[in-house]
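Colleague: Could you walk me through this model? I would like to go from single residues to the wider picture.

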Amino acid sequence: MLKTFRLFPALVVMLAASATTLRAQAVRTDAPTPPDDYLGHPVGADFRLAGWETITSYLAHVAEAAPGVRLDTLGRTTQGRPFVLVTATSPENMSRLDEIRTAQAKLADPRRLADGELDALLESQPAVVLIAHNIHSTEIASSQGGMELTYALATDPELASLLQNVVVLLIPSVNPDGQRMVTDWYLRTLGTPYEGSRMPWLYHHYVGHDNNRDWYMLTQVETQMLNDLLYDAWRPELVYDVHQMGGRGARFFVPPFDDPANPNIDPLLVREISLFGLQISTDLEAEKKAGVVNRQRFDLWWHGGLRTSPARHNMVGILSEAASARLASPVFLEPDDLRQPEHGVNYPNPWPGGWWRIRDIIDYQLIAARAVIELAAVQREKLLRNYVRLGERALEAGADEPPFAFVVPADQRDAGTAAAMLAVLQRGGVEVHRAAAAFEADGIEYAAGSHVVLMAQPYRAHAKDLLERQVYPDRRVYPGGPPDAPYDAAGWTLPLQMGVETFEARSPFEARLELVDGPLRAPAGSVTGSGPTFILDYAVNAANLAINRVLTEGGTAALLTEPVRHDGQLWPAGSALVTGEGAREILEELARTEGLSARGFDGSAPAAQVQTPRIGLYQPWTSSMDEGWTRWLFDSWSLPYTTVHDAEIRVGDLLERYDVIVLPDIWANSIIEGREAGTVPSEYAGGLGEQGVAAIRAFVRGGGTLICLDSSSDFAIEQLDLPVSNVQPSFQEIRSGDAFYAPGSLLAATIDSTHPLGYGMPGSTAIYYANGPIFLVDDDADEVTTIARYPDAGQLLSGYAIHPEFLDGKAALIEARSGAGRVILFGFRPQHRGQTHETFKMLFNAVYRGAAEEAARATF
């Protein structure tokens, strides 16, 4: 059985934490103080965690005392904490960091190297290694061990010798806000039945665990800062991403990774990743560290993580995953408690069981870090030559193999979103060109102003992997058996996710192209006419920004319910009208920044007026990432909302406070039952319960709008007795290998753009589907309307699907009347990870639907 072991009561630990902060402020010596002395306890001691302020204070102390260490603040986190970088190298290298960075830029882009310059650089250029700790804040050990690693880099003679050949960039925590949250929660629960438990909220303000799914979309400030360090400021040869995993299996995972390998990752890089992983494994075995496994679960297919994005930038991307304790509380595991891999070449030394502590995790991680640094130092010249070689091979492949480019035509349905997609590529280090004149490629004419992403560039793999369609291999656990599921997404094609028309150029072509220098923006729009009412093209996402901001400032908005001819143009149903003091200024700002255009409007038109929506966004105490992403979308698109918890819903009278309640992607039983009593403090235990379910029923049947995203649709179907079935195959059916299955893929859907939920959408689109509900409406259900359904063929657009024909004609988005209200069911996540700009609008439409008056002829 699993046991915990305690040395100190909670009060003693809290007092010790306070004393640590005072000691941290007082200690200043001419040489770095060991972290154990600085903290007043050993790093990784049971029941002890240093918080972010203490960690940064100690790092500043080391940097002040050691000539080979410096501490820089790269910026501020989401909640305003310092996001810091430790740089460690020899004092000689430290004196010429600018020179080293300049040389790194040349190594990353071989076109910048003059003849013979590489050999000259190799005489003195160190390898650059980035080690990133604690991106997932409950994986807390590395935030503690980073202090010990920094001290060793400053004082250890063996490392000092290696640092002649290496610059180490150390990120003590990729999520300082979460590091502080977890530390505070641990201290709060220490000595209670909830010690070491999961927090009731996300450990990142918006995205929780998904902060390691943001490495190409770059929606969060922490991701942006580290991205800029990687692909602009430093361009390291190697990135080591330090993690923890579940506690009952192997003790430590390092590469080689599992299959499949993404074909865009150069085979040389795959080999180098395995080389470093095996060196780590070897050093751990030499230190008698049992339980080290390779080739388990973590694959090389998926894009979007801190170890997978660098691999698309010719960088060795290393991942380690250590078995977890209960934060800083040790656990005891009997052999029967363990679920270890089979003994074999990938797991030659199984862990026998026993006590497992945070100190054990730190020991494994420190050995791994030293192994990476040592191999990079010893193999410095070969590592650098291969880095250049990878860039050269990318350039050659882009010049010799199709596709030769991806073209984004100037004429887009939503120029602002097209610019946003190209800007994301740019920030990820991709070169984007603009056509100075019209040109032809593959028989297609493109206008001047079209954008071209040439494949002959060093970061070809990153650009190609984001712009092309993925074809995930049909892998089975055994022949004819169940699917071997990918680690994360199977498909992620950005043009599909964002609704940007993009073409492959599969034949060589000629064009006058100019490199876009500086952040790419949409061509400026225009605001014409005197107002105060303006009509907008609702097909662009910036129209939602305009509506939300005008409503927030006390203006009004409406959506046409029928086509209207105005100013020589036929405006379709769904076109937006906004009016109010300050509306023109809002529109002019969006014209400058997002390319929005608007025209003055007067007269009458059939329209549904949208009130400022009173939105209740349900936040469970089960820390839902989908709730966090929904908050991020609403905040980013200036849509006000109120966070609603179980207790408020149970009180009832929801119609007095809300027009719309949004249930994020949460399983139905989790909504109702929540966290189990006894596993969390009582104020966070339980879910809606029967009382909350009754309150939701009363809200809907009294005239409210309930919006359910993905899995939460089952809650509404069951509790509101809707004439709809979720026919998604069960887990057992999928395991048979003969049922529909599509993990994290882009599927085709047809949209009724004449319905208010489809306003502004094209007739067909791509939706991101990840094992979500599939709706079948009862034959006689007149109160149910289908807005999005799957086509009869061609359902899979990017990723992986078994038996996609199962989807033929089934519904993906429906609206059901229930009493005086309505329920809107999404069989997918329209705001998935902040990536699916194409379907953001349908979620906004759902919100406006709940806040709109009945259609009438309105005069403006």
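Colleague: Is Asp46 buried or exposed?

Modeller: A word on the ground rules: this is a predicted model, where local features need pLDDT of at least 70, side-chain atom pairs count only at pLDDT 80 or more, and totals for chains, interfaces and linings use all residues. Residues are numbered from 1 along each chain as its sequence is written, and side-chain values use heavy atoms, with hydrogens and water left out. Buried means under 20% relative accessible area, exposed over 50%, and partly exposed in between, using a 1.4 Å probe and protein chains only. Asp46 has 9% relative accessibility, so Asp46 counts as buried.

Colleague: Which residue forms a salt bridge with Asp46?

Modeller: Side chains of opposite charge can pair when their charged atoms come close. A salt bridge here is a side-chain nitrogen of Lys or Arg within 4 Å of a carboxyl oxygen of Asp or Glu. For Asp46, the closest N and O atoms are 2.9 Å apart, and the partner is Arg357.

Colleague: How many residues apart are Asp46 and Arg357?

Modeller: Helices (H or I, at least four residues) and strands (E, at least two) are DSSP runs, numbered from the N terminus. Asp46 sits in the loop between α2 (35-39) and α3 (52-65), while Arg357 is in the loop between β13 (354-356) and α12 (358-378). The pair therefore links distant parts of the chain, and the separation is 311 residues.

Colleague: Is the salt-bridged pair of Glu468 and Lys464 buried or exposed?

Modeller: The side chains of these two meet with N to O at 2.9 Å. As for accessibility, both Glu468 and Lys464 are buried.

Colleague: How many salt bridges does the structure hold?

Modeller: Another of the pairs is Arg657 with Glu648, at 3.0 Å from N to O. Arg657 is partly exposed at a relative accessible area of 30%, and Glu648 is partly exposed too, at 24%. For the structure, the count is 43.

Colleague: Which residue caps the N-terminal end of α14?

Modeller: Helix α14 covers residues 415-427 and reaches 18 Å from its first C-alpha to its last, close to the expected 18 Å (1.5 Å times one less than its number of residues). Its buried residues include Gly416, Met421 and Leu425, and what covers the buried part includes β14 (405-408) and α25 (837-851). At the N-terminal end, a side-chain oxygen lies 3.2 Å from the backbone nitrogen of Gly416, and the capping residue is Asp414.

Colleague: How many residues of α17 are buried?

Modeller: Helix α17 spans residues 542-552 and is mostly covered. Among its buried residues are Asn544, Leu545 and Ile547.

Colleague: Which domain does UniProt place at residues 55-217?

Modeller: In the model, that span is 42% helix and 17% strand, and its end C-alpha atoms lie 29 Å apart. The name comes from an unreviewed UniProt entry; positions are in the numbering used here, feature names are shortened, and annotations may be inferred rather than shown by experiment. The record calls the domain Peptidase M14.

Key: Contact means heavy atoms within 4.5 Å. A polar contact is a pair of N or O atoms within 3.5 Å; within protein, one must be able to donate a hydrogen and the other to accept it, and residues adjacent in sequence count only if both atoms are side-chain atoms.
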